[in-house]
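Me: Could you help me read the pocket and the core in this model?

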Amino acid sequence: MYYEQTYKAREELLELLNGISEEQLHQKHANLWTVSQNVEHLYLIENKITNGLRKAIEVKNEVEEKDLPLAKMLANRTYKVEAPEDIVPSEHPYTKAELVELLEQSRNNLNTFIQEVDDEALHKYGFNHRWIGDLSAQQWVQLIGFHERRHIEQINQTLNYTVQ
């Protein structure tokens, strides 16, 4: 199922968070977001996508679902993407518990959306991704997981800097 990899990515993220200290959440390195900032960004984008999908289905914004290598596209970290202003994380010093709560909130929002929408609508409606093009709701849900894996890699990069 398309949602399974998104669910597994979240499990990996929570396991990673569980294994780090509060201090590691906020360690800053040149040109890298902190662990906390990566997690806040994931919370912000998951809510933005889910709310965008609700609206796309509400207004019946039809898209042509194309076969795209989303996993490969999102895994390519040589292509740096600047986050839009509304999903750039803050400098707020979240605790690990607060970050986990944010992730639970955004995932509950996504889960509720998925339960409310039929499979046909998930494939028929969607909206435009600024550098990929039109994606169906089903593809957006997949993208959430692939995007999360991208940030797990960024978090690991940040944590590896702290060990050096």
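Reply: Gladly; the lining of the largest pocket holds 14 nonpolar, eight polar and seven charged residues (Ala, Val, Leu, Ile, Met, Phe, Trp, Tyr, Cys and Pro count as nonpolar, Asp, Glu, Lys and Arg as charged, and the others, Gly among them, as polar). This is a predicted model, where local features need pLDDT of at least 70 and side-chain atom pairs count only at pLDDT 80 or more, while totals for chains, interfaces and linings use all residues. Residues are numbered from 1 along each chain as its sequence is written, and side-chain values use heavy atoms, leaving out hydrogens and water.

Me: Which residues lie nearest the centre of the largest pocket?

Reply: A pocket is an open set of points on a 1 Å grid over the protein atoms alone, where a 1.4 Å probe fits, with protein on both sides within 12 Å along at least five of seven lines; lining residues have an atom within 4 Å of a point. Here H41, V81, E82, A83 and R130 lie nearest the centre, among 29 lining residues. Helix 6 gives the most to this lining, seven residues.

Me: Is T34 buried or exposed?

Reply: Buried means under 20% relative accessible area, exposed over 50%, partly exposed in between (1.4 Å probe, protein chains only). T34 has 7% relative accessibility, so T34 counts as buried.

Me: And what does L53 touch, leaving out residues up to four places away in sequence?

Reply: Contact means heavy atoms within 4.5 Å. By that rule L53 touches F113, G126, F127, A137, W140 and V141.

Key. Helix = DSSP H or I, 4+ residues; strand = E, 2+ residues; numbered from the N terminus.
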